[in-house]
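Have the structure open while you read.

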Amino acid sequence: EEHVRVCSWLIMLPSQCAVLLFSFITATTVLAYETAEQPNILLIVADDYGFHDIGYHNSDIKTPVLDKLASQGVKLENYYVQPICTPTRSQLLSGRYQIHTGLQHGIIWAAQPNGIPLNDTLLPQKLKQQGYATHAVGKWHVGFYNSDYTPTRRGFDTFFGYLTGSEDYYTHNRGGGYPGWNECKHWSGVDLHGNEQVVRSENGTYSTHLFTQEVIDIISRHDVRQPLFIYLPFQAVHGPLQVPDTYLEQYMHIQNHNRRIYAGMVSAMDEGVGNITQALKQKGIMNNTVIIFSTDNGGQIMAGGNNWPLRGWKGSLWEGGIRGVGFVHGDRLERRGSISSSMIHVSDWYPTIVHLAGGDVTGLNLDGYNQWDTISRGTSSPRTEILHNIDPGVTIFNRTTAPRAALRVGDMKLLVGNPGNGSWIPPPHVLCPGYCVDGSPPEAGTWLFNITADPDERNDLSSKFPEKVHELMLKLDEYNKTAVPVRYPPPDPRANPALHNNSWVPWED
């Protein structure tokens, strides 16, 4: 009947009804996409973002946009990442533990010829198989010494951002190349790229604003007939500590200089996420977009971050280094406005996102699990354990790093070797309750904690339950038998930006 009435209007009032018919068809088309089987997916990663540094964790830092998205979605409160940048990103993009990619030690430094092995199918490559448009904006940091390791060769239609890390937020230059290597001490080069070309025209533009606007532009020009995947690993809030003054005004009460600037950086990122969600709404695709937010590791307390009340910080295997801020937002969630205490790991995003896209991971040897039902419906997590890492140590420049490992099985967590500084560091304005300093010896040790009962890791149970220590040691040994050799090559002089028009680019093509 509705179509008959429309047709009769068309006979009586041709021009007016033609407009009405066009509007009807357009609205129907938009509705079809908003209820389509394949959602758009926005995956946001904040860099060095501390557990205590989001508003809903009782932070002194204001994050109204992130707080609202999380409160309308599902907050992940038993969510784990890796202690530092490259390992988290490699596991997110490959769905595999770092012991299975050879990246179990450290990060990939700018001058290192290293990357996620090319025989690993990365997440955007799987999404391309499902018909997605795929875009990466921000910090890559999983290898670029050869062009085959760069984003547009590994599944992304477009890339705009940094290939390595620690760039200046305004000049987009990165100095150095490898710690302790004198040859690269004075190296410096631009590390901003549009696809496979160096970008020099954005000198002076703050990277959080730059990356936000690039995502907005991608959304604006996107053809809604194709599902959209945007991977947005912000540079923020990694050092160097830099932010426009306007973001500091609300934090003048914070006495600690680093904390105040860091807080402004968080607010700039929060604002950027808000501007992106507004762009999704204006495009008419917000209702069919799943937003995933994650940190890449614990906050760096020496650069303003904070993980209170957790123990340790970035770089450590204590909870403060690996328990991450995370949430999921979207109308597809069946229990919006809830909190998930189920065990979830950053490697789980790969199979979870592929599932959302309508694909499958058959034939891939993944360590991650599809967690969509766990997140959306509150069903039990398919994950019962997490290998936080096994790092046997490496020798470089006649220095050997200490081995370390950590494993979570059920409630229990085992740490062996040297997990890093285990102090409890409150925010600068909070007085230490008296147990803050780590009393453990700096050399190798063994610790056992019931993380469910003792998330702050204050009560070591290793002497009380030696049989549990033995059981988890055997489990670590089982994992270690599946590990590939560590790949941590020495720096390559050919990476010197001076050899490449003062820019960081692939040097082994």
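Q: What volume does the largest cavity have?
A: This is a predicted model, where local features need pLDDT of at least 70, side-chain atom pairs count only at pLDDT 80 or more, and totals for chains, interfaces and linings use all residues. Residues are numbered from 1 along each chain as its sequence is written, and side-chain values use heavy atoms, with hydrogens and water left out. On a 1 Å grid over the protein atoms alone, a cavity is a set of points where a 1.4 Å probe fits but cannot get out, while a pocket is an open set with protein on both sides within 12 Å along at least five of seven lines; lining residues have an atom within 4 Å of a point. With grid points joined across faces, edges and corners, and volume taken as the space filled by probe spheres set on the points, the largest cavity comes to about 40 Å³.

Q: Which strands each supply at least two residues of the lining of the largest cavity?
A: The lining consists of Asn40, Ile41, Leu42, Leu228, Phe229, Ile230, Leu280 and Thr289. Helices (H or I, at least four residues) and strands (E, at least two) are DSSP runs, numbered from the N terminus. The strands in question are strand 1 (40-46) and strand 10.

Q: How many residues of the lining of the largest cavity are nonpolar, polar and charged?
A: The classes go like this: Ala, Val, Leu, Ile, Met, Phe, Trp, Tyr, Cys and Pro are nonpolar, Asp, Glu, Lys and Arg are charged, and the others, Gly among them, are polar. Sorted that way, the lining of the largest cavity splits into six nonpolar, two polar and no charged.

Q: Which residues lie nearest the centre of the largest pocket?
A: The largest pocket has a volume of about 600 Å³. Its lining counts 11 nonpolar, 11 polar and four charged residues. Of the 26 lining residues, those nearest the centre are Ile84, His105, Gly106, Thr401 and Arg404.

Q: How many residues of helix 4 are buried?
A: Buried means under 20% relative accessible area, exposed over 50%, and partly exposed in between (1.4 Å probe, protein chains only). Gln91, in helix 4 (residues 85-94), is buried because its relative accessible area is 1%. Helix 4 is mostly covered, and the buried count is 10 of its 10 residues.

Q: Which residues does Gln91 touch, not counting residues up to four places away in sequence?
A: Contact means heavy atoms within 4.5 Å. By that cut-off the partners are Gln82, Arg96, Tyr97, Gln98, His345, Val346 and Ser347.

Q: Are helix 6 and helix 7 roughly parallel or roughly antiparallel to each other?
A: Axes are lines fitted to C-alpha atoms, for helices over the stretch in contact, and angles run from 0 to 180 degrees between N-to-C directions. The axes of helix 6 (residues 207-221) and helix 7 (residues 257-283) come within 9 Å and cross at roughly 10°. Angles under 35 degrees count as roughly parallel, over 145 as roughly antiparallel, 65 to 115 as roughly perpendicular and the rest as oblique, so helix 6 and helix 7 are roughly parallel.

Q: How do the residues of the contact of helix 6 with helix 7 divide by class?
A: Helix 6 contributes residues including Thr208, Val215 and Ile219, and helix 7 contributes residues including Met269, Asn275 and Leu280. The contact residues divide into eight nonpolar, six polar and three charged.

Q: Is His172 buried or exposed?
A: His172 sits in the loop between strand 5 (158-162) and strand 6 (173-175). Its phi is positive, about 65°, although His172 is not a glycine. With a relative accessibility of 1%, His172 is buried.

Q: What is the omega of the cis peptide bond from Trp308 to Pro309?
A: Pro309 belongs to the loop between strand 11 (289-295) and helix 8 (319-322). The bond from Trp308 to Pro309 is cis, with omega near 5°.
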